[in-house]
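Please brief me on this chain.

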Amino acid sequence: MTGFPVSLVIATLLGFLAGMGTGGGSLLLLWLTQVVMLEHAQARIINLLFYLPAALIATLFRKKQRSIDGKTAWIAAVSGCCAAVIFSIISQIVDVTVLKKLLGVLLVVTGLREIFYRPRKAR
């Protein structure tokens with residue numbers, strides 16, 4: 001079940017999901033660690049490399065549809081790069097179990113916000 005044709009189909013499906021913004025990367029991590037049996041560190045590296053072209057292609061299509069604000073996109077990109085560098089350094093210093101717990105808390109808080117969020121009414 002881990003041959004090249006199966007992996008190609010899974011990668012295509014996950015690329016489609018990632019392009020739609022539904023979190024194909026999380027599913028890719030599960031696939032790589034649980035089915036392909038890669039170590040988590042290797043799976044994370046592959047996940048990052050997988051995400052880059054998917055994000056680039058999705059961004060190009062969104063730009064073509066004129067649904068991206070350039071200024072906001074640049075602010076988000078620079079902020080994301082800075083956060084990636086900072087937290088990569090922190091991950092080398094802080095115990096991984098602490099980071100996993102913090103990520104769990106972040107996911108729960110984000111999930112609760114999504115459940116209870118109510119858009120503001122226009123005045």
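Asn47 touches Gly25, Leu28 and Leu29, neighbours within four places in sequence left aside; contact means heavy atoms within 4.5 Å. Asn47 sits in helix 3 (residues 40–64). The model is predicted: local features need pLDDT of at least 70, side-chain atom pairs count only at pLDDT 80 or more, and totals for chains, interfaces and linings use all residues. Residues are numbered from 1 along each chain as its sequence is written, and side-chain values use heavy atoms, with hydrogens and water left out.

- Asn47 is buried, at a relative accessible area of 14%. Buried means under 20% relative accessible area, exposed means over 50%, and partly exposed lies in between (1.4 Å probe, protein chains only).
- Thr33 also counts as buried, with 16% relative accessibility. Thr33 belongs to helix 2 (residues 24–35).
- A polar side-chain atom of Thr33 lies 2.8 Å from the backbone oxygen of Leu29.
- Beyond neighbours within four places in sequence, Thr33 is in contact with Leu38, His40 and Ala43.

**Fold and dimensions**
- The chain has 5 helices and 0 strands. Helices (H or I, at least four residues) and strands (E, at least two) are DSSP runs, numbered from the N terminus.
- The order from the N terminus is α-α-α-α-α.
- The radius of gyration of the chain is 17 Å, whereas a compact globule of 123 residues would be near 14 Å. This radius is taken over C-alpha atoms, and the globule rule is 2.2 Å times the number of residues to the power 0.38.
- The C-alpha trace spans about 55 × 40 × 30 Å along its principal axes.
- Of contacts between residues at least 6 apart in sequence, 32% join residues at least 24 apart.

**Surface and charge**
- Buried residues account for 11% of the 123 residues.
- The chain carries 13 positive and 4 negative charges, with mean positions 14 Å apart. Lys and Arg count as positive, Asp and Glu as negative; His and the chain ends are not counted.

**Loop residues with positive phi**
- Met37 lies in the loop between helix 2 and helix 3. Its phi is near 65 degrees, positive in a residue other than glycine. Met37 is exposed, at 62% relative accessibility.
- Arg66 lies in the loop between helix 3 and helix 4 (70–93). Phi of Arg66 is near 60 degrees, a positive value. Arg66 is exposed, with a relative accessible area of 77%.

How values were computed
Charge placed at Lys NZ, Arg CZ, Asp CG, Glu CD. Polar contact = N/O pair within 3.5 Å; in protein donor to acceptor, adjacent residues only side chain to side chain.
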